[in-house]
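Student: Could you zoom in on one helix packing for me, and on the aromatic rings around there? I'd like the geometry and the cut-offs behind it.

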Amino acid sequence: MFGASAHTGGTDMVIYGLLMHYGIAYFFTALFFVLYPRLGGGSQNPILIGVLYGIFIWLVMNLAVVPLTKIPHGHMHAPQAIINAVILIIMIGVPVSFIASNFYSGGAKR
């Protein structure tokens, strides 16, 4: 079902892909919230922490998760890798860092 035939899988494959995509994003967000209180003084700079976490996500996804899939592997090109890392930094790392900073500083109502 998954693998090379996923590109012709139709609506079911689209739904599985969305579920996996958001499941992975949710996992990384939850992981960040677990790790954030353990950052100590580093949590004082949410932009830096967000950038580092975005890079961490990129590394885990490209060096561990993607190689474990059935996706055909190609060569990694530096410009595309940088763009992908920047997207993760801007779309996940920095926003989640600001949200966690606000949450743990008492800014969020519990």
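Tutor: Helices here are DSSP runs of H or I, at least four residues long, numbered from the N terminus. This is a predicted model, with local features needing pLDDT of at least 70 and side-chain atom pairs pLDDT 80 or more, while totals for chains, interfaces and linings use all residues. Residues count from 1 along each chain as its sequence is written, and side-chain values use heavy atoms, without hydrogens or water.

Now the packing: α1 (residues 11-35) and α2 (residues 46-68) have axes (lines fitted to C-alpha atoms over the stretch in contact, angles from 0 to 180 degrees between N-to-C directions) that come within 12 Å and cross at roughly 135°. Touching (heavy atoms within 4.5 Å) are I24, F28, L31 and F32 of α1 with I49, Y53, F56, I57, V60 and M61 of α2.

On to the rings, which pair if the centres of Phe, Tyr or Trp (its six-membered ring) lie within 6.5 Å, stacked under 30 degrees, edge-to-face over 60 and tilted otherwise. That rule gives eight aromatic pairs. F27 and F28 sit 5.5 Å apart with planes at 65°, so they're edge-to-face. F28 is buried at 5% relative accessible area, while F27 is partly exposed at 49% (buried is under 20%, exposed over 50%, partly exposed in between, with a 1.4 Å probe and protein chains only). F32 and Y36 make a tilted pair, 5.6 Å and 50°; F32 is buried at 3%, and Y36 is buried at 4%. Ring pairs also link F32, F33, Y36, Y53, F56, F103 and Y104 into a cluster.

Note on methods
Helix = DSSP H or I, 4+ residues; strand = E, 2+ residues; numbered from the N terminus.
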